[in-house]
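Here is a short walk through a predicted model. Keep the sequence and the structure in view as you read.

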Amino acid sequence: MRAVEFQEYGGPEVLRVVDAEVPEPGAGQVAIDVAWAGVNFADLKARAEGYRVVSLPHRPGLEVSGRVRAVGEGVTTVRVGQEVAGLVQGGGYADVVVAETAAVFALPDGVDLRTAATVPTVLPTAHALVHEVGRLRAGESVLVQGAAGGIGTAVGQLARAAGAGAVYGVTSSKAKAEYALAHGYDDVFLADAFDQDVRRATGGRGVDLVLDPVGGDMLRRGLDALAAFGRLVSFGNASGAEPWRAGQADLATRGLSVGGFSVLALAGTAPDALRELTARALHTVAEGTVSLPVTAEFPLQDAAEAHRLMGGRTSTGKLLLHVA
C-alpha cells in the first residue's frame with residue numbers, strides 16, 4: 001500500500017510517498033480502507049516541529065473516512081464493509097489505517113465519505129467548544145479566533161444554531177473575513193486590533209465566551225476582551241509561543257474562567273465521552289445544522305502541496321486528501 005511519511009523534520013518537501021505493508025488490526029482495533037484523509041494544522045506542526053511525534057519515520061494524518069476492511073477480536077460496533085469515519089493518532093495519510101474501535105464511527109444516513117472526512121477532529125472540537133466546555137447560552141456573545149478555518153467555520157454555525165446573541169470572529173486577512181461572514185459570523189475583526197474592535201462592537205462590555213487556538217499573546221488579549229463572568233476556552237497553541245499563564249489575580253477581578261480542550265487527549269483519556277460527543281456532532285451534519293465546505297482537495301501523492309497551501313495561511317474551510 002501507499003503511505004506518506006517523513007524521516008526528518010522540515011518543510012513540505014520532506015513528505016515522501018512510500019510502499020508499506022498493509023497493517024492488520026489487533027484486539028479492539030479496526031482496519032479502514034481510506035477514501036479521504038483530512039489535513040490539519042497539527043499535521044504541519046508534526047512535520048515541522050515534531051508535535052506529538054514519538055519517533056521517526058512518522059506518518060501524519062489524524063482523521064479519515066472509508067470502509068471497514070477488517071476488525072480485530074472483540075469489535076462489535078462496526079462490521080466489514082461499513083462506511084465509517086475514524087480519529088487516529090497518526091498514519092491517516094495512507095491507503096489503509098488501523099484505529100482503536102472507540103474512535104471509529106459509523107456514518108449516519110445522509111453523510112457521505114467526503115463529508116465524513118471533515119468530521120473526526122473538527123466537528124467534535126467545535127461542538128465541545130460551543131456546548132460541553134464553552135457552555136454557550138442563548139443570547140450570549142462569542143468571539144472565535146481563526147474564524148475562517150475548519151473549526152472556526154463549524155463554530156460559527158453551531159453558535160448561531162445555539163441562539164448566540166452575537167458571533168464575532170478574528171482572522172488574519174480581509175479575504176478570510178469575507179469567508180467567515182458567510183458562515184454564521186455577525187462581524188469579523190483583523191488580528192492586530194481585535195480586542196479594541198470587540199470593545200467597540202459591544203459598547204465596552206466585552207464578550208461572554210472567547211475560543212482561542214492561538215495561545216501566547218492572543219490568549220492574553222482574548223482574556224482582556226471578556227465581559228464580567230466571561231469564559232475563555234483554549235484549544236491549541238498555533239503561535240508556538242510560550243504558553244501564557246492566567247492566575248487568580250488575572251481572573252478574580254471580573255470573575256473570569258479559563259478552560260481547555262483537545263479532542264486527541266479526550267480520545268486517550270475518555271473514549272466513551274468522545275463517542276458521545278462525536279455522535280452529537282455527526283447528528284448536526286446529518287440534520288443540516290452544520291456544513292463544512294471543502295475548499296481544496298489533493299490526491300494522496302500531493303500531500304506536500306496541501307501542506308504548502310495550509311502553511312501559507314491563505315486557506316479557508318477544510319482541506320482533504322483523496323486517497324481512494
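**Cores and a buried strand**

The largest nonpolar core has 52 residues. Leu-123, Val-142, Val-155, Tyr-185, Leu-211 and Leu-274 have the most contacts inside this core. Helix α3, residues 122–132, gives the most to it, with six residues.

Take Leu-123, one of those with the most contacts in the core. Set aside its neighbours within four places in sequence. Leu-123 is then in contact with Thr-118, Ala-154, Ala-281, Thr-284, Val-285, Val-290 and Leu-292.

There is also a second, separate core, this one of 32 residues. Ala-46, Ala-99, Phe-298 and Leu-319 are among its members. In soluble globular proteins, nonpolar side chains tend to be buried together.

Now turn to strand β15, residues 318–322. Is this strand largely enclosed or largely open? Buried means under 20% relative accessible area. Four of the five residues of β15 are buried, so the rest of the structure largely encloses the strand.

Which strands pair with β15? One is β3, residues 29–39, which is joined to β15 by four bridges and runs antiparallel to it. Here Ala-37 stands opposite Leu-321. Another is β14, residues 294–299, with five bridges to β15 in a parallel arrangement. Here Phe-298 has Leu-321 of β15 as its bridge partner. From β14 the chain passes through helix α11, residues 303–311, and on to β15. This β-α-β crossover is right-handed.

Methods. Residues are numbered from 1 along each chain as its sequence is written. This is a predicted model: local features need pLDDT of at least 70, side-chain atom pairs count only at pLDDT 80 or more; totals for chains, interfaces and linings use all residues. Side-chain values use heavy atoms; hydrogens and water are left out. Buried means under 20% relative accessible area, exposed over 50%, partly exposed in between (1.4 Å probe, protein chains only). Helices (H or I, at least four residues) and strands (E, at least two) are DSSP runs, numbered from the N terminus. Two strands pair if DSSP finds at least two bridges between them. A crossover is right-handed if, with the strands pointing away from the viewer, the path from the first strand over the helix to the second runs clockwise. A nonpolar core is a set of buried Ala, Val, Leu, Ile, Met, Phe, Trp, Tyr and Cys residues joined through side-chain atoms within 4.5 Å. Contact means heavy atoms within 4.5 Å.
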